[in-house]
Amino acid sequence: MGDVLVFAEHQHGKFPKTTLVAFAAGKDAATKYGGACHAVVLGTGTDALANEAAAYGMQTVFQVENPKLEHYLADAYTAALAELVKAKGIETVIATATAMGKDLTPRLAARLNAPLGADISEINADGTVMRAMYAGNVFATLKLAGTTRVISVRATAFEAATKDGAGKIEKVSVTLAEGALTMQFVGLEEMKSDRPVLTEARIVVSGGRGLKNGENFKTVLEPLVDELGAAMGASRAAVDAGFVPNDLQVGQTGKVVAPELYIAVGLSGAIQHLAGMKDSKVIVAINKDAEAPIFQVADYGLVADLFKAVPEMKEAVHKLKS
Amino acid sequence: MKILATVKRVPDPETSIKVKPDGSGIVTDNVKWVINPFDEIAIEEALRIKEKVAGSEVVLVSIGGNAAPNDVKEQLRTGLAMGADGAILVVTDAALEPLVVARALAKLVETEKPDLVVMGKQAIDDDSNAAGQMLAELLGWPQATFASKVELSGDQKSATVIREVDGGLETLRFPLPGIVTADLRLNEPRYASLPGIMKARKKELKEIPIGDLEKAGLDVSGRTQLVKMEPPPKRQAGKLVESVDQLVELLHTEAKVI
Ligand SMILES: Cc1cc2nc3c(=O)[nH]c(=O)nc-3n(C[C@H](O)[C@H](O)[C@H](O)COP(=O)(O)OP(=O)(O)OC[C@H]3O[C@@H](n4cnc5c(N)ncnc54)[C@H](O)[C@@H]3O)c2cc1C
Ligand SMILES: Nc1ncnc2c1ncn2[C@@H]1O[C@H](COP(=O)(O)O)[C@@H](O)[C@H]1O
């Protein structure tokens, strides 16, 4: 009873770290609700993925192969998951609050007429969950009614799962009604980068409007980013101004990150930005304005002109390593 | 084309939010209220489509109060002043969860029969990011969330939408009617002009008691229940360092992160 189903999002035949977080959250939920933790892999050509999910200690991995599921589409994925949930008596569905998870879980909750716990940071045995609201200004405890529930978890709130088991794999087929599915995948323009993924990196260096233009991101910030082997992030202002692509935005409406080290450069630390990085272990701020709010959350603050400080820091880190 | 654009009244994003001592909600004294920023973007997008497609109509819809301190009419008037043609307010003082909002919107869709519903991707108060997806499911319609570009086919029978996803930009296509939720970079919302504000006074703002929708079958019972709100744990401010060298030294020896 109380069985949990983890939606195992994958990209390019791999599970990103955010999916390992979902496995961990699923196991946590299963322990608290007193059930087993299963996972579901949707798509085509997913044998290796199904095996891998089983190795993360998922008791049963439901492998749903169907050409209509080759690309993620909210209508088809919702239909497939809802059918599986009903067939297998699942009580709790868990996904990570990635762009896909956020797109999918509300639709699934509506389909199941189930309560949704969106972007939650804590799952409790009493059926309550905790989540941030108002750009992280409020933590709310919510009770999810009934026994069927859908939860998306905040990727920074759980450790990634480790391989600790060997579950079984069950191939399941679903009936995807032809007329009901009208969404069509046209293409994905991927932002390619050799750097670590923003949501997986141990160190993140983010730039703000203080960088002044995209060129300075390249010539001033990137050398430090690469010296540290870090991922690059940005404020909304920097993205809006076109300095860097949208997928680098950190914050309330961008990505949520919690690396070991977060270095904020030339960004003021608006509440909407803090909402996406406040849980980082160590925060460093470099800003020429001593009054900038970012200093209120920084463990180490340096009041300085970034155009001088950032190249110096790159050199100092380089020296330290050699 | 008939387009519905959804409007939620939320605290201005610049307002500092405090939790009431009893944890039942936020302190609303001295809060400035605005249209949810993402909904402003949604209204703007609806207006741009109307400007392109002759004979189009934009109707604003909201579920909320009609008296202080939660008078959504203020926000609807602003949207009308931006250029929307009319507005419908489903009147209730209850704070409704996204699923109930979506059910109420679905009722309005039944009667209004729009070709497109444009919504914000998230309300910046509850930060749920859910109502649009839920409405799409309740109607059995396609959805394109986190939109950064919306293009209609020449015959207005289908939409092609670029979405901001984790790894970049995804393109989706679907037949209308459908739901689009706006991301930050979809457009830059216009300000209401003075003539716009004058004209807005004459536009229709229809109020429907939520009870009327209940009589027509709306279920207002939620599936979640707020137990309590609390302020987030406070992060200790650290120290200022004098130089880059000192910073790097401390990160190495004290924080041990590089
Ligand atoms: C609905 C909504 C959602 C939002 N979501 C997000 C979000 O997800 N993420 C996000 O980041 N923002 C978000 N914002 C925007 C947020 O409110 C701020 O406007 C934004 O974060 C500011 O970006 P910034 O710090 O780069 O720019 P600014 O606030 O302009 O700060 C620039 C900083 O650079 C410093 N500086 C300038 N020159 C130098 C120099 N030479 N050396 C050192 N320092 C220098 C300045 O002192 C200043 O502090 C959102 C806003 C709204 C309304
Ligand atoms: N009470 C409401 N009235 C009208 N629209 C709403 C309401 N609540 C939410 N919405 C719409 O749904 C979007 C997503 O809200 P949420 O799911 O609460 O984050 C918002 O941007 C609004 O467009």
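How many residues does the contact take from chain B, and how many from chain A?

1. The contact takes 73 residues from chain B and 83 residues from chain A. The model is predicted, and the points below should be read as a description of that model.

2. The size of an interface is often given as the accessible area lost when the parts come together. Here chain B and chain A bury about 6,600 Å² between them. Carbon and sulfur atoms account for 57% of that area. On the side of chain B, the residues that lose the most area to chain A are B:Asp166, B:Arg223 and B:Arg235. Together these three make up 12% of what that side buries.

3. Polar pairing across the contact comes next. Between chain B and chain A there are 44 residue pairs in polar contact, counted with both residues at pLDDT 80 or more. Several elements of chain B each supply at least two residues to the side that touches chain A. Among them are the helices H3 (98–112), H4 (131–139) and H7 (244–253) of chain B, and the strands S7 (143–152), S8 (158–165) and S9 (168–175) of chain B. Strands S12 (224–230) and S13 (239–241) of chain B also belong to that list. The largest share comes from S9(B), with eight residues. By residue class, the side of chain B that touches chain A divides into 38 nonpolar, 15 polar and 20 charged residues.

4. Which residues form salt bridges between the chains? The structure holds 39 salt bridges over all chains, and five are found across the interface of chain B and chain A. In one salt bridge, the side chain of A:Asp103 meets that of B:Arg163, at 3.5 Å from N to O. In another, A:Arg107 pairs with B:Glu137, and the closest N and O atoms are 3.0 Å apart. This second pair runs from helix H4 (residues 99–112) of chain A to helix H4 of chain B.

5. Strand S15 (residues 300–303) of chain A pairs with S13(B) in the parallel sense, over three bridges. Within this pairing, A:Tyr300 has B:Lys239 of S13(B) as its bridge partner.

6. Which chains surround ligand 1? Residues from chains A and B do, so the site is shared between chains. There are 30 residues around ligand 1, and A:Arg209, A:Ser235, A:Val250, A:Ser268 and A:Asn287 come nearest.

7. Ligand 2 has 19 residues around it. Those that come nearest are B:Thr6, B:Asp39, B:Ala123, B:Asn129 and B:Ala131. Backbone atoms of chain B also approach this ligand. A nitrogen atom of ligand 2 is 3.4 Å from a polar backbone atom of B:Val7. An oxygen atom of ligand 2 lies 3.3 Å from a backbone N or O atom of B:Ser128, and for B:Ala130 the corresponding distance to an oxygen atom of ligand 2 is 2.8 Å.

8. Some backbone details in chain B deserve a look. Most residues other than glycine have a negative phi, and most peptide bonds are trans. The peptide bond from B:Ala68 to B:Pro69 is cis, with omega near 0°. B:Pro69 sits in the loop between strand S4 (57–64) and helix H2 (73–82) of chain B. Another cis peptide bond joins B:Leu176 and B:Pro177, where omega is about 5°. B:Pro177 is placed in the loop between S9 and strand S10 (178–182) of chain B.

9. B:Asn30 is not a glycine, yet its phi is positive, at about 65°. The residue B:Asn30 belongs to the loop between strand S2 (9–11) and strand S3 (33–35) of chain B.

How values were computed: Residues are numbered from 1 along each chain as its sequence is written. Chains are lettered from A and ligands numbered from 1 in the order in which they are written. This is a predicted model: local features need pLDDT of at least 70, side-chain atom pairs count only at pLDDT 80 or more; totals for chains, interfaces and linings use all residues. Side-chain values use heavy atoms; hydrogens and water are left out. Contact means heavy atoms within 4.5 Å. Buried area is the accessible area (1.4 Å probe) that two parts lose on being put together, summed over both. A salt bridge is a side-chain nitrogen of Lys or Arg within 4 Å of a carboxyl oxygen of Asp or Glu. A polar contact is a pair of N or O atoms within 3.5 Å; within protein, one must be able to donate a hydrogen and the other to accept it, and residues adjacent in sequence count only if both atoms are side-chain atoms. Helices (H or I, at least four residues) and strands (E, at least two) are DSSP runs, numbered from the N terminus. Ala, Val, Leu, Ile, Met, Phe, Trp, Tyr, Cys and Pro count as nonpolar, Asp, Glu, Lys and Arg as charged, and the others, Gly among them, as polar. Two strands pair if DSSP finds at least two bridges between them. A residue is near a molecule or strand if one of its heavy atoms lies within 4 Å of it.
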